[in-house]
Structure formats: structure tokens, C-alpha cells
Amino acid sequence: MDLSRRTLLASATTAALPAAPRHHEHLRTGFERLEADGYSVLDGRRVGIVTNPTGITRDTAHIVDVMHRDPRVKLTAVFGPEHGFRGTAQAGGSEGRYDDPATGLPVYDTYLKSGRPLADVFTASGVDTVVFDIQDVGARFYTYIWTLYDCMEAAGLAGKRFVVLDRPNPVTGRTALGPVLHKEFATFVGRQPIAQAHGMTVAELARLFNGEFLSAPVPLETVAMSGWKRDRFYDDSGLPWVPPSPNMPTADTALVYSGTCMFEGTSLSEGRGTTRPFELLGAEGVDGRWAAAANELGLPGVRFREAYFTPTFSKFQGKTVGGVQIHVTDRAAYDPVRTGIALLVTARKAWDGFAWRSDDWIDKLTGSARVRTMIDAGAGTDEVTGAWQEELAAFRRIRKEYLLYK
């Protein structure tokens, strides 16, 4: 795809709403701007919305409930992602097809559906416009952005319009970090070659997907936020935090997730079954040597505390394990992906029980076999992180064309 086509697609896909002010006392989400404009983008349309418990207003009302009560919107269907529309399912689960008790609206399941089967779901629902509003956490392997991608592709196949309501990237949009996915490792935790910490909002990602990856771009409109700056963390937004998934309880979890989720691909616990998932890491037999080795690296913006915990589910359920707790001391200086690599390197040296999952899940998470094979060969943190800098620089150049905010 040449530059002129990318530029045309990027410039042509923003909804025709009043221009967002450059300076605003409070951030307004895409939904808040949509509502304030009288839902003009949805006027006369039969609307279905892809959302979950994070699709809320500033006063914590769910946008489906708000739109269902508003005569200006013809909301006729809801589409639930992983964990479900109302969020009742654990990781790897969904709620299936049902009628929502609160609104009576039919809820359709999108989880693990893509292509023509998902297009058939949109067709069966009778909608002509699909809206997306889900809070992302900024990591390539968080499945909601691939629900976005799959829904965009399916909407195009079904002849539907697609509207994305934007929300903040909770860990800022300052830059992209980490390895870029290699296409032969594509899965639902990474469909396309983007960086492990992409540094984009969902509306920006939608523009990127449409301009770079979809074989047939969907009719796309994005409703941008006002008052958001790229260097802002979630607690600067003034918005309430709703866990996007059961193991993402706080915005602090999102801060470390793009690095420590890599431990899903190892024999160590990534902290599931604790009150601090992805901030606590450990296994039976790990002792204080791991935290000491990690602290000796002097990584910017972070310290590691020797920690012991007993997961209530997942790895080491009901067993006391040793490990580390991550304490971010300067989130502006902290690099979650580099920190994650450093923890993998030091864990392998400090604990003789270290192993990769037998299915090489680490390759799906990191987007290639490189991290696994380099660490196995004895590479250090600098060597591993240095290996992806060229592809990361290339992604950053492409990414820049689709950004909406300064």
C-alpha cells in the first residue's frame, strides 16, 4: 500500500463531529462527545454495539443502558467479547447468546469468531452500523483490540458501517515499545504486526488496521476524545476505572501488563489468583535471590520486593510460592517490556525450575521465537531488547500516520 492511499484512508475516516477543542478542562470520551452531539453519527441507523463493562459514562452508567433509554438512538443489538458484555466470564470464556435482562436487547457472542462466521452474526442481528466502545490497556496480546480488528473485517464483509468511540490508553500513548509481531506467529493474542506495547488508542488502532492490514477497508468513522494528551496516564483522565477483565483490577495492573504477561508463557505464576495479578510473579522454590538479581540491574523507575503468595486459582493454586512484587517508582521512566525481559533473564538464572510452557506460548505473546531462543542461548537484557529495534522503528514510522492526539 503506498503512502498516498494510507494518508487518504487515515484522513477520511474521522466522524464529522464538531472539532474537539485543543484545551479542555476535563477529558471527554468518544461516547461523551457522541451524546453531546445528539448522536448525529448514528442518526437513522439500526445500531449494534460491541462493548463490555468498561463502556460506561463518567457517572458509571453503562452506555448501553443510556442509549437504550434515548429515543434519538435506535439501539437494536449488543455484541459481547471475551469475558462477555456484562463481564461474567473468566479468561478464555464468554457469555454466549442471550437477551439482556436490563434492556431486553439481544446479546450476541463474538468471542473467537472472525471472518464470514462473524459477518453472519452481524447480518443476523439486523443492524446496519456496528459501534465499538471498550477500554483497552495498551498491550498487543490483550484480546479486545483483535475483537476490534475482527469486527471491522466482518462488518466490511457484511456491508455494515463501523464507528469507534475512543477512550484513553491508560499507560499513555507516548511511544511504542517491544518486539513487533511476525505474521507467521499470528493468533488471537496478535493478529497483525504491531508492537507489544503499541502506544495507541483504540480509534487510532482502528485507523491503522483500516489503512494497513484489512484487505478491504471498512466504512469507518472514529469519534475522538477531547482533552486527552499522549503523555497522560489513566488517573489523569478523571474517569472511573472498571476492570476490563477479571485479572486487570486496577490501572496499576495495566502499567506492568505489557511486560509481565510474558510470564504466562513460563512455568512461573503471573500472579493470577492473587489481588495483584501481573505485579506478583513467582513459583515454588524461588527465593530472595531473584529480587536481588533484578534490583542489581538498576532498571529505571522500578524496584523488586521479595514476595511470597498463595494463588487461589491458576498456576500453583493453594500453594505458597516465592517470587517478586513489582513496585513502579517512576512510571514516566519505567519501560514495562524491557523490565519483563529482564525478569525473564534473571528468573532463568536464579531458579533452576524455570521452563517455557510446552506449547511455546511465549512465542505467541512476543510475536516470534526470538525472545525464547535468545534467552535460552544465554543472551542478556540488552542483547534481547536490541534485537527488535529496527522493526520497532519501522512500526513507529507507520504508527505516526494514524495518531489523533498530540
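Mentor: Happy to. The side chains of Lys-315 and Glu-270 meet in a salt bridge, at 3.1 Å from N to O. This is a predicted model, in which local features need pLDDT of at least 70 and side-chain atom pairs count only at pLDDT 80 or more, while totals for chains, interfaces and linings use all residues. Residues are numbered from 1 along each chain as its sequence is written, and side-chain values use heavy atoms, with hydrogens and water left out.

Trainee: Why is the pair Lys-315 and Glu-270 called a salt bridge?

Mentor: The term asks for a side-chain nitrogen of Lys or Arg within 4 Å of a carboxyl oxygen of Asp or Glu. Lys-315 and Glu-270 are 3.1 Å apart, N to O, so the pair qualifies. By this rule the count comes to 22 salt bridges.

Trainee: Where in the chain do Lys-315 and Glu-270 lie?

Mentor: In distant parts, 45 residues apart: Lys-315 is in the loop between β11 (302-309) and β12 (321-328), and Glu-270 in the loop between α7 (251-260) and β10 (280-283). Helices (H or I, at least four residues) and strands (E, at least two) are DSSP runs, numbered from the N terminus.

Trainee: What makes Glu-270 count as buried?

Mentor: Buried means under 20% relative accessible area, exposed over 50%, and partly exposed in between (1.4 Å probe, protein chains only). Glu-270 has 4%, so Glu-270 is buried. Lys-315 has 21% and is therefore partly exposed.

Trainee: Which residues do salt bridges with shared partners join into one network?

Mentor: Glu-264, Glu-270, Arg-272 and Lys-315. Arg-272 forms a salt bridge with Glu-264, with the closest N and O atoms 2.3 Å apart. Arg-272, at 14% relative accessibility, counts as buried, and Glu-264 is buried at 12%.

Trainee: How do you know that Glu-221 and Arg-161 form a salt bridge?

Mentor: Their closest N and O atoms are 2.2 Å apart, so the pair meets the cut-off. Glu-221 is in strand β9 (residues 220-223) and Arg-161 in strand β6 (residues 161-165), 60 residues apart. Arg-161 is buried, with a relative accessible area of 15%.

Trainee: And which residues touch the most other members of the largest nonpolar core?

Mentor: Leu-148 and Phe-162, in a core of 106 residues. Such a core is a set of buried Ala, Val, Leu, Ile, Met, Phe, Trp, Tyr and Cys residues joined through side-chain atoms within 4.5 Å. Helix α5 (residues 144-158) gives the most to this core, with 10 residues.
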